[in-house]
Amino acid sequence: MKLGLAIDLDTCVGCHACAVACKQWNGESLMGGAPDYDPYGRAPSGAWYNRIRQYELEGDPSFSPHGCATTHQPLSKTINVPMSCMHCEEAHCVTVCPTGASYKRAEDGIVLVDPDRCMGCNYCAWACPYGARELDENKGVMKKCTLCVDRIYDQQLPKAERQPACVLACPTHARHFGDYDDPASNVSKLAAERGRQDMLGDLGYKPINAYLSMRKPVQVDAIPLRQGLSDKAKAFVNRLIQL
Amino acid sequence: MKPAFSVIFFTVASGAGLGLMIWLLVASMMSAHIRMPQTTFITGAIVAGLLITAGLCSSTLHLANRKNAIYSLTRFKTSWLSREGVFALALYPAAALHIWLLSSGASIAMLKLTSIILIVLALLILFCTGMIYACLKTIPRWNTWHTPTKYVLFGLMSGAVLFIAVLSARPAEIGAMGRPWVAIFLLLAGLILYVAYLLNHPRKTYTVNDALGLKRGNVRLLDVGHAHGTFLTNEFGFQLARERARVLRWIAIVLGFVLPLILMFFNSMPPFAAAVSCIAGLLVERWLFFAEAEHVVRLYHGQQRV
């Protein structure tokens with residue numbers, strides 16, 4: 001199995017509900033939780049397994065129905081990008097770990113940290129291009145998204161709830177969870193149909209999570225204007241009025 | 001990257017200590033050509049041992065969970081950090097064996113063998129330290145052949161300068177010394193490598209477009225999603241003012257290479273001046289090595305290019 005998420009960049013509204021749900025679930029979980037530092041003080045900070053950033057894209061004509069975007073006429077598009085661990089196939093964070101605390105499970109491809117072995121050297125965070133790993137300063141061990149490994153296999157939960165907390169919380173259904181090894185799974189189908197954003201693919205980490213590309217507007221062919229005698233007369237009158 | 005002093009001190013101090021150890025062993029193997037009294041060798045060995053040990057102890061200071069550090073020797077097959085730890089720990093029994101052979105008056109052949117083992121181990125540690133940084137594809141400035149070359153060469157270089165300082169500490173026993181050509185040659189090589197690196201450093205670059213897979217158009221950050229600093233901004237967000245970097249580079253060039261070169265060439269100066277200057281320069285150089293490195297995660301935090 002290659003478990004992972006599919007995140008729809010078209011429908012994500014950037015509400016941070018996934019991050020809050022993640023924080024809530026993992027704050028109470030067996031994996032030790034994501035700590036907060038100074039949460040109600042002047043400098044609130046903490047470890048989050050999921051962070052949402054908002055970007056603006058301008059000047060890409062493929063997002064304009066008439067292909068008209070230029071630098072003079074910017075077509076601005078806002079994209080919300082939630083980022084958590086991609087559970088990469090070539091997870092370099094696991095390779096560089098000197099203690100063996102970071103590991104990738106053979107059975108489902110989830111990348112996890114064993115807090116009983118981690119020595120908090122931050123080397124895996126250096127190796128991660130996506131900023132998925134954050135140090136728990138209270139316990140001195142590295143923390144990261146577990147793909148809610150303590151939820152998805154929990155037989156006590158109803159079947160529909162055996163999904164990561166972020167997926168269940170998303171109000172716009174921008175997040176999907178499934179097995180990328182199975183071509184018939186919802187995430188495989190979505191990734192095939194919509195295409196994946198190639199995020200730092202040159203590094204060769206082969207992320208499993210897919211960011212579904214934004215849909216392009218249908219390109220409309222401009223209909224040539226028919227310029228009959230009456231149109232010319234109207235145009236002449238309009239110009240007269242505007243004098 | 002955040003320039004953590006513990007790691008900067010570790011790389012410079014154990015680099016210089018390992019270099020000093022290498023040159024002491026080379027000199028003791030060439031006893032027909034280099035006159036080195038026993039006391040000088042012992043002084044040098046103590047200095048080297050102290051530098052290496054202080055560096056290694058310092059390297060554990062940045063660990064957030066030191067009690068699990070012992071596990072760091074278990075991933076020799078995959079992790080350069082693990083390899084470095086294993087070689088560094090192997091150095092101590094090898095050095096103890098060498099000292100025991102020395103004191104029990106073993107044959108020259110045995111001493112040569114342990115010397116060569118120690119030299120190879122020291123070179124391996126220097127190379128592994130370089131590869132810890134060079135293997136990270138996420139930091140394009142480090143991910144070049146320059147990094148391991150620099151760690152090995154600068155280690156040998158600062159070791160050679162220290163070795164001359166140790167030799168000339170007791171001028172009466174050594175007698176007249178010629179120009180220390182090995183140290184001069186290594187300083188020149190180091191100077192050329194560092195200046196060439198500053199002038200032109202071919203590396204991969206990544207843009208914010210690569211980071212988000214949006215190949216066309218301009219992308220800019222609207223909202224970073226956190227109110228205060230995070231682990232990521234703290235660890236990777238270090239900003240170095242260009243003017244300050246320029247000044248520090250000149251300090252590194254002058255203190256680390258040019259001044260020791262001059263002092264070595266006209267070897268009439270106090271013996272430790274060149275070594276102190278070289279190590280101070282290398283500390284500045286190593287600080288810059290970390291402060292100037294840009295991690296690709298900065299692209300997600302609003303930087304346009306790394």
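This is a predicted model: local features need pLDDT of at least 70, side-chain atom pairs count only at pLDDT 80 or more; totals for chains, interfaces and linings use all residues.
Two salt bridges are found across the interface of chain B and chain A. Polar contacts between chain B and chain A amount to 28 residue pairs, both partners being at pLDDT 80 or more.

Which elements of chain B supply at least two residues each to the side that touches chain A? They are H3, H4, helix H8 (208–212), strand E1 (218–223) and helix H9 (231–236). The largest share, six residues, comes from E1(B). By class, the side of chain B that touches chain A has 29 nonpolar, 19 polar and 10 charged residues.

Let me turn to the extent of this interface. The size of an interface is often given as the accessible area lost when the parts come together. Here, the area buried between chain B and chain A is about 4,900 Å², and carbon and sulfur atoms give 58% of that area. Three residues, B:Arg216, B:Phe231 and B:Tyr300, supply 14% of the area that chain B buries against chain A, more than any other three residues. In terms of contacts, 58 residues of chain B take part, with 58 residues from chain A.

The next topic is the largest pocket. Its volume is about 540 Å³. Of the 24 residues that line this pocket, B:Ser59, B:Thr60, B:Ser72, B:Leu81 and B:Glu84 lie nearest its centre. H3(B) provides the largest share, with seven residues. The lining divides into 17 nonpolar, six polar and one charged.

How many cavities of 30 Å³ or more does a search of the whole structure find? The search finds seven. The largest cavity holds about 140 Å³ of space. It is lined by 20 residues, and those nearest its centre are B:Thr11, B:Ser14, B:Gly15, B:Leu18 and B:Leu126. Six helices of chain B give two or more residues each to this lining: H1 (5–29), H2 (38–59), H3 (80–103), H4 (108–134), H5 (146–167) and H11 (271–291). Among these, H1(B) contributes the largest share, six residues. The lining of the largest cavity comprises 12 nonpolar, six polar and two charged residues.

For the second largest cavity, the volume is about 120 Å³. Its lining has 14 residues, and the closest to the centre are A:Cys22, A:Asn26, A:Cys145, A:Cys148 and A:Cys166. Helix H1 (17–27) and helix H5 (165–169) of chain A each supply at least two residues of that lining. Nine of the lining residues are nonpolar, four are polar and one is charged.

Finally, I return to salt bridges, this time over all chains. The search of the whole structure finds 22 of them. One joins the side chains of A:Glu89 and A:Lys2, at 3.3 Å from N to O. A:Glu89 lies in the loop between strand E5 (77–83) and helix H2 (92–96) of chain A, whereas A:Lys2 lies in the segment before strand E1 (3–8) of chain A, so this pair ties together parts that are 87 residues apart in sequence.

The largest pocket has a volume of about 540 Å³, and the largest cavity one of about 140 Å³.

Conventions
Residues are numbered from 1 along each chain as its sequence is written. Chains are lettered from A and ligands numbered from 1 in the order in which they are written. Side-chain values use heavy atoms; hydrogens and water are left out. On a 1 Å grid over the protein atoms alone, a cavity is a set of points where a 1.4 Å probe fits but cannot get out, and a pocket is an open set with protein on both sides within 12 Å along at least five of seven lines; lining residues have an atom within 4 Å of a point. Grid points are joined across faces, edges and corners, and a volume is the space filled by probe spheres set on the points. Helices (H or I, at least four residues) and strands (E, at least two) are DSSP runs, numbered from the N terminus. Ala, Val, Leu, Ile, Met, Phe, Trp, Tyr, Cys and Pro count as nonpolar, Asp, Glu, Lys and Arg as charged, and the others, Gly among them, as polar. Contact means heavy atoms within 4.5 Å. Buried area is the accessible area (1.4 Å probe) that two parts lose on being put together, summed over both. A salt bridge is a side-chain nitrogen of Lys or Arg within 4 Å of a carboxyl oxygen of Asp or Glu. A polar contact is a pair of N or O atoms within 3.5 Å; within protein, one must be able to donate a hydrogen and the other to accept it, and residues adjacent in sequence count only if both atoms are side-chain atoms.
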